[in-house]
Amino acid sequence: MNRILVAAAAAAALTSTLAACSSSSSAGSGAASSATASSATASSGTASSAASSPAAAAFPLTVTASNGKVTIKAKPTRIVSLSPTATEDLYAVGAGSQVVAVDDESDYPSNAPVTKLSGLTPNVEAIAKYDPSLVVASQDSNGLVAGLGKLGIPVLIEPAAATLDNAYDEIDQIGQATGHAAAAEQVTSTMQTEIAADVTKAGSSHKNLTYYWELSNAPYYSVTSSTFIGQIVGLFGLKNIADAADKASDGGYPELSQEYILAAKPQIIFLADNEAADGGQSPEIVSKRPGWNEIPAVQDKEIIALNDDIASRWGPRLPQLVAEIAQAVEQASAK
């Protein structure tokens with residue numbers, strides 16, 4: 001999945017540069033699939049609450065998604081998901097039996113009906129063949145919303161979360177839209193409890209610990225503290241080495257030189273490029289990179305191989321990512 005993030009990060013930088021040339025102030029906002037998040041108390045309103053109470057399950061109902069107010073006339077029985085995170089959300093809230101098709105990147109859960117549908121370049125005609133009563137996507141590409149709207153098919157655009165609260169809101173919203181509001185509330189409540197427990201256990205003030213988050217190694221793309229991932233790690237108070245290299249044109253995803261990383265001497269390295277498609281990196285490979293044996297994280301064996309998919313999504317498996325980070329923090333702070 002991070003191959004998509006890296007491409008998006010590069011696109012964010014280019015988009016921001018072009019925008020600056022035309023005096024636009026937008027600097028790559030919403031550029032990457034694992035986009036930015038703040039602590040559990042902040043929310044930028046990526047996904048707002050439904051017009052009705054979260055516990056309500058009566059149809060028709062109207063929810064206000066990224067693409068505006070969307071009215072769903074009846075409980076959807078044929079759902080198409082064009083977002084790996086949305087797919088995880090749907091199954092987590094209990095709407096799995098209503099899902100008839102998911103995009104080609106939705107690899108979790110394993111029983112999801114994977115198809116050749118693309119969430120990046122959606123084809124309205126191909127989607128319509130599944131006769132959906134609801135489509136959930138992370139972006140409105142190729143005229144998706146307008147095209148399906150002409151066919152009377154409601155679409156929820158649930159973009160990359162900017163904060164933890166956004167991630168929770170999107171799960172709650174998907175729960176409401178599919179008739180599983182109560183289950184969605186339980187999912188988010190459990191997530192909040194698990195994340196809070198891990199942060200409490202590992203501690204939230206580790207400014208003496210520095211880290212490097214690797215999205216890719218050719219070139220070395222990383223994330224800053226303003227990104228979703230950066231703020232997730234920020235829950236533990238770690239210092240991000242990428243922050244000092246960040247430029248407005250990077251959109252929160254700077255490209256770092258090897259020399260910069262070596263000079264920064266991070267104490268923890270998080271690898272989000274483990275899968276073959278993402279670069280196939282591993283702690284063993286990293287430790288053998290020229291000069292990297294001088295980095296404290298390599299010397300102390302604090303190179304953490306993450307699950308690429310979990311690290312690039314903002315859904316119900318976030319507590320697993322937080323738990324991995326917490327364990328690394330505990331180990332590093334004990335040395």
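These are my notebook entries on what I looked up in this predicted model.

**Ground rules.** I number residues from 1 along each chain as its sequence is written, and side-chain values use heavy atoms, with hydrogens and water left out. Since the model is predicted, local features need pLDDT of at least 70 and side-chain atom pairs count only at pLDDT 80 or more, while totals for chains, interfaces and linings use all residues.

**Strand S7.** Five of its five residues are buried (under 20% relative accessible area; exposed is over 50%, partly exposed in between; 1.4 Å probe, protein chains only). Thr210, Tyr212 and Glu214 point one way, and Tyr211 and Trp213 the other way. In a regular strand the side chains alternate between the two faces of the sheet.

Next I checked the partners of S7 (two strands pair if DSSP finds at least two bridges between them). S7 runs parallel to S10 (residues 239-240) over two bridges, and parallel to S12 (residues 268-271) over four bridges. Tyr211 sits opposite Asn240 in S10, and its bridge partner in S12 is Ile268.

**Cores.** I then looked at the largest nonpolar core, with 61 residues (a core is a set of buried Ala, Val, Leu, Ile, Met, Phe, Trp, Tyr and Cys residues joined through side-chain atoms within 4.5 Å). Trp213, Phe236, Leu238, Phe270, Leu321 and Ile325 touch the most other members. Helix H12 (residues 318-333) gives the largest share of this core, eight residues. A second, separate core has 15 residues, among them Tyr212, Ile241, Ala242 and Val286.

I listed the contacts of Phe270 too (heavy atoms within 4.5 Å). Leaving out residues up to four places away in sequence, Phe270 touches Tyr211, Tyr212, Trp213, Glu214, Leu238, Ile304, Leu306, Ile325 and Ala328.

S8, S9 and S11 form an open antiparallel sheet, in the order S8-S9-S11. S8 (216-217) and S11 (255-256) stand at the edges with a single partner strand each, so one side of each has no neighbour in the sheet. S9 (residues 220-221) and S11 pair over two bridges, with Tyr220 opposite Leu256.

**Cavity.** My search of the whole structure found one cavity of 30 Å³ or more. On a 1 Å grid over the protein atoms alone, a cavity is a set of points where a 1.4 Å probe fits but cannot get out, and a pocket is an open set with protein on both sides within 12 Å along at least five of seven lines; lining residues have an atom within 4 Å of a point. Points are joined across faces, edges and corners, and volume is the space filled by probe spheres set on them. The residues lining the largest cavity are Glu88, Ile310, Arg313, Trp314, Gly315, Pro316, Arg317 and Leu318.

Of its 18 lining residues, Thr71, Ser133, Gly152, Ile153 and Pro154 are the closest to its centre. Strand S2 gives the largest share of the lining, four residues.

I found a cis peptide bond between Phe59 and Pro60, omega about 0°, and another from Tyr108 to Pro109, omega near 0°. Asp131 has a positive phi near 50° and counts as exposed at 54% relative accessibility. Asn142 has a positive phi near 55° and is exposed at 55%.
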